[in-house]
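Welcome! Please take a look at the structure below, and then we can walk through it together.

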Amino acid sequence: MTATQLPTRASVQSAALAAPRPVPRRQPRPTPLRVVAPGERTPQARLRRRRLVVFGLAALAVIGLFGLVAEHTVLAQQQFRLASLQGQAATEQARNQALQLQVAQLQSPSRIVSEARTKLGMVPPAGITYLVPGQKGAKVKGQATPTPTTILTTPSSTAASANSSAAAPGPTSPLSSPTSSAP
Amino acid sequence: MAAPARSGPVGRAQARPSAVRSGHRPGRGRRVPGLASAGLPIRRLGAMTLVICVVFVAVVARLVMIQQVHGAGYAAYGVSERTRALSITAERGSIVDRSGNVLAMSVALTTIYADPHQVTDPRLEASELAPVLQLPQSQLQAELSTASGFEYLAHAVPDAEAAAVEKLNLPGIATEPESKRFDPDGTLAASVLGGVDYAGVGSSGVEYQYNARLAGKPGLQRLQEGLGGQAIPGTSQAIIPAVPGQSLELTLDSAIQYETESVLGQEIVSSHAIGGTAVIMQSKTGQILAMADLVADAKSPTGVGPAPSDTAVTRVYEPGSVMKGVTMSAALQTGVVVPSTRFVVPYSVSLDGSVIHDAEVHPVEYWSIPDILAYSSNVGTLHVSQLLGTSRLYQYMRAFGLGSKTALDAPGESQGILPPPSNWSGTSIGTIPIGQGVAVTSMQMLDVYNTIANGGRYVAPSLVKGWVNQAGVLSPNPAPPGHRVVTAQTARQMTAMLVGVVKSGTGTEAAINGYDVAGKTGTAQKPNPTSAGYLPGQFMGSFVGFAPAEDPQLTAIVVLDRPTPVFYGGSVAAPVFSQIMAYAMRSLQIPPPAHRDLGWDVPVVDASAAAAGSDNGPAPTALPVTPPPPSVRPRAGSTRP
C-alpha cells in the first residue's frame with residue numbers, strides 16, 4: 001500500500017537530486033555608464049600607475065642607499081690610497097736625505113785626498129810660483145825695458161806627503177825655479 | 001564506566017563519550033572539538049599580540065635610548081679608546097761650512113720596536129728577526145719576552161732592513177721613524193761641532209750651543225687605531241704642525257780645516273806631544289776659518305784624534321813669552337818707551353828675593369825694544385814692565401780681552417785666570433808680563449795678536465756666519481761690536497817688531513817664502529796642578545802671528561801640549577804655522593803684497609840683516625849697536641822665550 005509519507009529531509013534532498021529544478025537566472029545588472037573625464041584612466045591603468053609609482057620610489061630608495069654605501073666605500077678607498085701615497089712620499093723624502101748624505105760623504109776632504117793619492121796617483125805640488133811684477137814699487141818714467149819681475153817660490157804644504165807612500169815629489173811645474181830673490 | 005581520570009583533552013574527550021562516539025547528532029556534521037570554549041584561541045592571539053607589542057616597544061625604547069640619548073656619548077667613548085696622540089718629530093737642521101759643504105746632517109731612518117704583550121711566540125719571532133736585524137736571537141727573544149708594553153729592538157736601521165721587517169709582518173712588531181745624525185766628513189772639526197745624544201739632542205760643542213734653533217719644535221698628531229695597532233686612514237689630524245730646525249752656516253772652511261788638522265796632527269806625532277790646537281782667523285772680520293783641537297790617540301791610524309772638547313777655548317795654559325806682545329804694546333801705547341829706547345840687559349836680575357833670567361846665558365847687552373822682543377829677553381821685559389807699572393799693565397791686559405770670555409760664548413769656555421793687581425806678589429811684575437803666573441786660552445792670545453794685526457782695534461771672533469731657513473735663505477749673524485785698544489801707530493810699530501822676530505829672532509821657522517810674517521814664539525812651563533811650582537820638563541810650545549804683515553789678512557795660533565824632547569815654540573809650533581798659513585793664503589788667493597818701505601821708525605834688529613837688504617829700513621847710525629853673538633839662541637832654561 002502506498003501511503004503518503006511525510007517528507008523527511010533525506011527524502012527532499014534525494015528528490016531534489018533526482019529532478020533538479022532550474023534555478024531562475026539572475027539578470028545581470030546593467031553597468032552604469034557615465035562620461036569619462038579627459039585624462040582619466042581605467043582602474044587597471046590607475047592600479048598599474050600606482051604600482052609603478054610605488055615601485056619607482058622603492059627603486060629610488062634602494063639606489064639612494066646604494067649610493068650612500070658606495071660613497072663611503074669610495075671614501076675609504078681614497079683614504080687608503082692617500083695614506084699609501086703619503087707613505088710613499090715619506091719614503092722618497094728619506095731616500096733623498098740618504099742620497100744627500102752620500103753626496104756630502106763623497107765631498108769630504110779626507111776622502112778626496114785619499115782617492116787622489118791612492119787611485120789617481122796625485123801628489124801635492126812641490127812649490128808654487130808667484131810672479132810679482134814691478135818689485136819694490138819702482139816708478140819708472142819712460143823706460144823702454146819692462147819693470148823687473150820677481151819670481152818667488154813658496155814651498156807647498158807637505159801635509160799629505162808624510163802619509164803618502166810615494167816618497168818622490170811629483171813633476172814640478174816648469175815655471176817653478178828653486179831660486180828666490182830676497183824680498 | 002569509570003575510566004581513570006586522565007589529564008588533557010583525551011581524558012576530557014572520553015568524559016563525554018556519547019557526544020563524541022556517536023557522531024550522529026542530527027544535521028550538524030562533524031563537530032569541532034572544543035567548540036564549546038569558542039573565545040580561547042582569540043583571547044590567546046590577543047594576549048600574544050599584546051605581549052609582542054610590549055616587547056617591541058621595549059626594544060624600540062632601548063634603541064632610542066642607546067642611539068639618540070646616549071649615542072653621542074658611546075661614540076665619543078669609542079673614539080677616545082681608539083685615539084692615540086703621536087708627536088711628529090721635527091727635522092733637525094744641518095750644519096754647513098762657509099761654502100755650503102755639509103759638516104753634520106740628519107737622515108730619517110726607522111726604529112724597530114715591539115709590544116711584548118702582543119707578541120705571540122717570542123722564540124719564533126726572534127728567530128725570524130735575528131738575521132734581518134743582525135742581532136743575536138737570544139737578545140731579541142729576551143726583549144720580546146719582557147713584561148712590558150714597549151721595547152726598542154733596534155734604533156735607526158737602514159731602509160732595506162726596515163722594509164724586510166715590515167714584510168715579515170710579525171704580530172707585536174712595529175716601526176716608527178727616527179732620524180740619526182751623521183758627520184759626513186768623518187772627524188773633521190769634530191771637537192768644534194760636538195755631537196748629539198741618543199735622543200737627538202745636542203750634547204757638546206756647536207750642536208749643544210745652538211740646539212734650540214737646530215732642533216726645531218716637534219708637532220702633535222692625533223689618529224685612531226684599529227685592532228692590532230693599525231692606523232685607520234683618514235682619521236689622522238695634525239693638531240700642531242712640526243717646525244723644522246734651521247740650518248747653521250759656520251765660518252769654517254773645510255779645506256783649510258782639513259789641512260790644519262792634518263799638519264797639526266803630524267806635528268803632534270813627530271814631537272810626541274799629548275795634544276795641540278791650531279786656529280786660523282780672518283784678521284779683519286774675526287771669522288774663524290779653521291779650529292783644530294787634537295789629542296794624541298795611539299789607536300787612530302793617523303796617531304791623533306779629535307779632542308773631547310774645543311780645547312781652543314776650554315783649555316787654559318800659561319802662555320809664556322807670547323804675553324810680551326801685550327806688555328810691549330801697552331808700553332808703546334802709554335809712551336813709557338819708544339821703539340828706539342834701549343836698556344842694559346844682563347842675563348839675570350834679582351827681583352823681590354827671586355831671580356829673573358833670560359833663556360840663554362849672555363853677556364850684558366844694550367838692547368832696544370825690537371831686540372828684546374826678537375830675542376825674547378825676560379830681563380828686558382822686566383825693565384819695560386817696571387816702567388809701565390802694575391795698574392797700567394793690568395788695564396791693558398783687560399783691554400786686550402784677557403780675563404774675560406770671548407764673544408764665542410762656547411760651551412765650557414774659560415775666561416782664563418788673570419789675578420787682579422791686589423793679588424799680585426812682588427815678583428808678579430816680572431812673571432806676569434812674560435806670561436807665567438797668568439793663564440789664558442788659545443783663543444784669547446789669538447785675539448790679542450789679531451788686535452795688533454787689525455791696526456789696534458779688537459775684533460770679536462765669530463764661528464757662526466748665519467742661519468739658513470727651509471727656503472735656503474741665509475740670514476747672516478750681525479757682527480758684535482769691537483773696540484779700540486791701541487792706536488794704529490802703536491800697532492804698526494808692534495807689527496814691524498814682530499816681523500823682526502820672524503826674520504831673525506826666535507820665530508824664523510814661521511817664515512813663509514814670499515810673504516812677510518809677523519809673530520811671536522812662546523815656550524812656557526806647565527804649572528803643577530797639585531802643588532806650587534811647575535812640572536819639570538813639561539812645556540807648552542806656541543806660536544801666534546799674522547800675515548801678510550803689510551796688510552794682515554789672516555791671524556793664526558798654534559799650541560803644542562808637552563812636545564818632547566824638542567819643546568820650543570819656535571821649533572815645534574812655528575813650522576806648523578808656516579805650513580798652514582801658506583796653504584790658507586794660497587787657498588784664499590791672497591797674493592804676496594807689493595813690498596813697500598813703510599817708513600816705520602824702528603831700527604833694524606841687527607846689522608847683518610840690514611846688509612842683506614831687508615825692507616825694514618836702513619841700519620841705524622844713531623847709537624852703537626852691539627851685534628848679538630850668534631850663540632844667543634834659546635836653549636834649555638827655566639823661563640822660555
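Let us start with one residue and its surroundings. Leaving out residues up to four places away in sequence, Leu554(B) touches Ile280(B), Met281(B), Gln282(B), Ser283(B), Phe546(B), Ala547(B), Met581(B), Ala584(B) and Met585(B). This is a predicted model, and Leu554(B) belongs to strand β24 of chain B, which covers residues 554-561.

Is Leu554(B) buried or exposed? Leu554(B) counts as buried because it has 24 C-beta neighbours inside 10 Å, where 20 or more are needed. Leu554(B) and Thr285(B) are 269 residues apart along the chain, yet 9.8 Å separates their C-alpha atoms.

## The nonpolar core

The largest nonpolar core has 143 residues. Which of them touch the most other members? They are Val279(B), Ile280(B), Ala556(B), Val558(B), Phe577(B), Ile580(B) and Met581(B). Helix α20 of chain B, residues 569-587, gives the most to this core, with eleven residues. The core also takes at least three residues from each of domain 1 (93-216) and domain 2 (254-462 + 492-611) of chain B.

Apart from neighbours within four places in sequence, Ile580(B) is in contact with Glu259(B), Thr260(B), Val263(B), Ala278(B), Ile280(B) and Ala556(B). Two of the names listed above come back in this picture: Ile280(B) and Met581(B) are among the residues that Leu554(B) touches.

## Chain B as a whole

Stepping back, chain B contains 21 helices and 24 strands. Of its 641 residues, 43% are buried. Taking the contacts in chain B between residues at least 6 apart in sequence, 70% join residues at least 24 apart.

Chain B is divided into two domains: domain 1 spans 93-216, and domain 2 is made of 254-462 + 492-611. Their C-alpha centres lie 46 Å apart. Where they meet, 14 residues of domain 1 of chain B are in contact with 14 residues of domain 2 of chain B. On the domain 1 side, the elements that give two or more residues are α8 (190-193) and α9 (205-209) of chain B. That side of domain 1 has five nonpolar, seven polar and two charged residues.

How many residues of helix α13 of chain B are buried? In this helix, residues 324-334, ten of the eleven residues are buried, so it is mostly covered. Among the buried ones are Lys324(B), Val326(B), Met328(B) and Leu332(B). The buried residues of α13(B) pack against α14 (369-374), α15 (378-388), α16 (390-399), α18 (442-453), α19 (488-504) and β22 (518-527) of chain B.

Now turn to helix α3 of chain B, residues 40-69. From its first C-alpha to its last, α3(B) reaches 42 Å, close to the 44 Å expected at 1.5 Å a residue.

Chain A has three helices and two strands, in the order α-α-α-β-β along the sequence. Of its 183 residues, 5% count as buried. Among contacts in chain A between residues at least 6 apart in sequence, 67% join residues at least 24 apart.

## How confident is the prediction?

For the complex, the predictor gives an ipTM of 0.73 and a pTM of 0.74. Chain B has a mean pLDDT of 85, with 86% of its residues at 70 or more. Within chain B, confidence is highest in β24(B), at 97, and lowest in helix α21 (residues 607-611), at a mean of 36. Residues 1-20 of chain B have pLDDT below 50, with five contacts beyond near neighbours in sequence. pLDDT also stays under 50 over residues 598-641 of chain B, where the model has 93 contacts beyond four places in sequence.

Chain A averages a pLDDT of 72, and 67% of its residues score at least 70. Its helix α3 (residues 109-118) has the highest mean among the elements of chain A, 92, and its strand β2 (residues 149-155) the lowest, 51. pLDDT is below 50 over residues 137-149 of chain A and stays under 50 over residues 157-183 of chain A. Where pLDDT is low, predicted coordinates should not be read in detail.

Technical notes:
Residues numbered from 1 in each chain as written. Chains lettered and ligands numbered in written order. Predicted model: local features only at pLDDT ≥ 70, side-chain atom pairs only at ≥ 80, totals over all residues. Helix = DSSP H or I, 4+ residues; strand = E, 2+ residues; numbered from the N terminus. Buried ≥ 20, exposed ≤ 12 C-beta atoms within 10 Å, placed from the backbone. Contact = placed C-beta atoms within 7 Å. Domains from an automatic or database assignment. Nonpolar A, V, L, I, M, F, W, Y, C, P; charged D, E, K, R; others polar. Core = buried A, V, L, I, M, F, W, Y, C linked by C-beta atoms within 7 Å. pLDDT = per-residue confidence, 0-100. Expected span 1.5 Å × (residues − 1).
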